[in-house]
Amino acid sequence: MNFTKLNIFYIFLFIQIVLYILYINNSTANIIFQDQFDFLNFLGKYYNGDLTFQDLWRGHLEHRTLGYNIIFLLNAIFFHLNTTLEMYFGAFILAITSIILFKNYSRSLHQLGNDKYKQFSSLFIIMLLFSLIQWESIVFSLGIAEFIKNLFFILTFVYLDLVINFRTRKNIIVFILFFICSILVFGGGYGPALVLSMIIILIINLFISKSVKFSKNLKLLLYVLFLSSVLFLIYFYHIYEDNMVAEHASISQKISFIFHHFINAIKYVLLSISSSVVGVNVADKYFSLNKNIIIGTLIALLFVYSLIKFFKTKMYIKTWLPLLFFIYGFITFGLILVGRFDFGITYGMSSRYVPNTQFAIIGIVWILFYCLFLEIKVNASEVKKYKKTKIILYLLLIGVIFSGHLVTTIVEWKISPYRKINFEKLRTIAMDIDKYSSSDLNMFQYDESMVRNGLKILQKNNLSVYYDYKGQRIGSNLTSANLISGWYPIEGEFRWTSKEAIGYFNIESESNLHIQGNIPDVYSNLVLSISIDDKIIMKSELKNGDFDISKKVEQIGIKKVTLSLSDSFIPKQTGNSKDERELGIIIKSISFKRE
């Protein structure tokens, strides 16, 4: 592996990490969300001094998340439960995963084709790992659990591949260690897909192996079956006792439901497959349900084509990894069907499942590139016309997958500021939860009682948003205030608000509120209401152009200041620009000064 090749890879990886972190900063904020409220129970026990191992081992439906629970606990102990830090850690995990894939991908293409082209081809696979098609796992709760699980699954696959071809003691021991960690520590309920994909590969290997290796391969298969049985016995033992989710449908009920709605179940799988190439937000915006089903059908046919090419080219002589990824991803489609089909026919398109189903897409791209470079090598001296056609076909298929991810990434970047506003709104609600209604708390997308109890645990122990608020030195002007929601990034010497903008300011005694800004020409008239701690202190009808208003205030201390407008606008809808943000007014300065 030459220096130039490493340079290209690591430069591209660095760019991916930077973009990933920028996307996080543009999309989310430090706040507990969705399923993470379930985990606050054992966090409360830790701070009460009665945490046990069983609390960390406790099941969440069919999932045990021991590894993530430990990370969650350590985050609380050392970093005051900073969920944004978990998301940054996700970039680190994806970087390690990328390096592992890069090395194994390069090894599989050894002595095939032009090294320069192979260097660039590996970047497509790395791009899939960082793709924003999995945006929920990037900016929502528990995303880091998915990425760590995938890392350990990949390491398990890598060492199984090594054990099949090089049965050394070191490879066997490392394989067993990663296998145990994958099932008991980080698997999170996807262990059956991991095990079944390995068993299928070992059975295939058994039938295509030479007679002299048959006995050794059979022993390997039996060892894996035995170890899997022991691990699953430990994993599933009393998993539904004291489960985090009290009510749940049995597996048999879910399977029965699938058979009673078999046609819709097929559509569900095809829609789930389509979302691995065309993100759910792109699909909703540009394609009908039937068109998405057609896209899923075409990708499923590509699965079959890639599978045939894998065996026809005897790629397994070099590596089993692409097929392991392919089979794992395909089995995951089945697990998602069983687990979530009763949630609705389109639920499988959710981006939270893409980190798992993405394995199949990575496997396909790997196989297609292998076939491409094999054709180039075999026909390097004399490329016949139909061979050129095959090469173009491989490039076209890879290009289609790349295009789907590229369009999805562009759309998700456009959506990201609106997600940021929603997360900032959640932080605002958390700071004064008793003043908000049940409909407001629905924004946390979890049971209201769990949300209220969970936020009380955070507040009591100075965690997450409460630590941010308490630890921040809040000032008396716009640059030093704690801006919670409704504020867009600074543009030169001003910033836009949305229809409602909220921030915390430190108000000294006998202060005057002073605001300078500008009212855009799109308004015929506009009313600005200013509230402190939800009590309106003034209303002002403003005309187009610059404005400068002052108001003496009686409040003292750190207070929530809200600017509410009677109207807002979206520049794209008014024809002024392509800007899709909901805008209010321009604010140049806000300050509380003693006179």
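The following conversation goes through selected features of a predicted model.

Me: How is the chain divided?
Reply: The chain is divided into two parts, domain 1 (8–419) and domain 2 (475–593). Taken over C-alpha atoms, the centres of domain 1 and domain 2 are separated by 45 Å.

Me: Which residues form a nonpolar patch on the surface?
Reply: The patch is formed by Y46, I70, L74, I77, F78, F79 and L85. Together these residues have about 620 Å² of accessible area.

Me: Which helix gives the largest share of that patch?
Reply: Helix α4 (residues 66–79) does, with five residues. L85, another member of the patch, is found in helix α5 (residues 83–108). With 33% relative accessibility, L85 counts as partly exposed.

Me: What span should α4 have, and what do its ends show?
Reply: The 14 residues of α4, at 1.5 Å a residue, should span 20 Å. The C-alpha atoms at its ends are 19 Å apart, which agrees.

Me: Which residues of α4 are buried?
Reply: They are L66, G67, Y68, N69, F72, L73, N75 and A76.

Me: And what covers them?
Reply: The cover over the buried residues of α4 includes the helices α2 (36–48), α3 (53–57), α5, α8 (143–165) and α9 (169–185), together with β2 (63–64).

Me: What comes just after α4?
Reply: H80 comes there, with a positive phi of about 60 degrees. H80 is a residue other than glycine, and its place is in the loop between α4 and α5. Its relative accessible area is 26%, so H80 is partly exposed.

Me: Where is S464, and what is its phi?
Reply: S464 sits in the loop between α20 (448–460) and α21 (465–471). Its phi is near 55 degrees, again a positive value in a residue other than glycine.

Me: Is S464 buried or exposed?
Reply: S464 counts as buried, at 0% relative accessibility.

Me: Changing topic, how many salt bridges are there in the whole structure?
Reply: A search of the whole structure finds 15 salt bridges. In general, side chains of opposite charge can pair when their charged atoms come close.

Me: What joins D55 and K45?
Reply: Their side chains meet in a salt bridge, with an N to O distance of 2.9 Å. D55 lies in helix α3 and K45 in helix α2, so the pair ties together parts that are 10 residues apart in sequence. D55 counts as buried at 6% relative accessibility, whereas K45 is partly exposed with a relative accessible area of 28%.

Me: What about E412?
Reply: E412 forms a salt bridge with R419, and the closest N and O atoms are 2.9 Å apart. E412 is buried, with a relative accessible area of 0%. R419 is buried too, with a relative accessible area of 9%.

Me: Which residue meets D533 in a salt bridge?
Reply: K559 does, with 3.6 Å from N to O between the side chains. D533 lies in the loop between β6 (526–532) and β7 (535–542), and K559 lies in strand β9 (residues 557–565), so the pair ties together parts that are 26 residues apart in sequence. D533 is partly exposed, with a relative accessible area of 31%.

Me: Which residues are joined into one network?
Reply: E424, R427 and D468 are joined by salt bridges that share partners.

Me: Let us go back to α2. What does D38 touch?
Reply: D38 is found in helix α2. Not counting residues up to four places away in sequence, D38 touches H60, M244, Y446 and M450. D38 and M244 are 206 residues apart in sequence, and their C-alpha atoms are 6.6 Å apart in space. D38 counts as buried, at 6% relative accessibility.

Terms used:
Residues are numbered from 1 along each chain as its sequence is written. This is a predicted model: local features need pLDDT of at least 70, side-chain atom pairs count only at pLDDT 80 or more; totals for chains, interfaces and linings use all residues. Side-chain values use heavy atoms; hydrogens and water are left out. Patches are made of residues with over 30% relative accessible area and no salt bridge: like charges are joined within 9 Å, nonpolar side chains (Val, Leu, Ile, Met, Phe, Trp, Tyr) within 5 Å. Accessible areas come from the Shrake-Rupley method with a 1.4 Å probe; for residues, only the protein chains shown count as cover. A salt bridge is a side-chain nitrogen of Lys or Arg within 4 Å of a carboxyl oxygen of Asp or Glu. Helices (H or I, at least four residues) and strands (E, at least two) are DSSP runs, numbered from the N terminus. Buried means under 20% relative accessible area, exposed over 50%, partly exposed in between (1.4 Å probe, protein chains only). The expected span of a helix is 1.5 Å times one less than its number of residues. Contact means heavy atoms within 4.5 Å. Domain bounds come from an automatic or database domain assignment.
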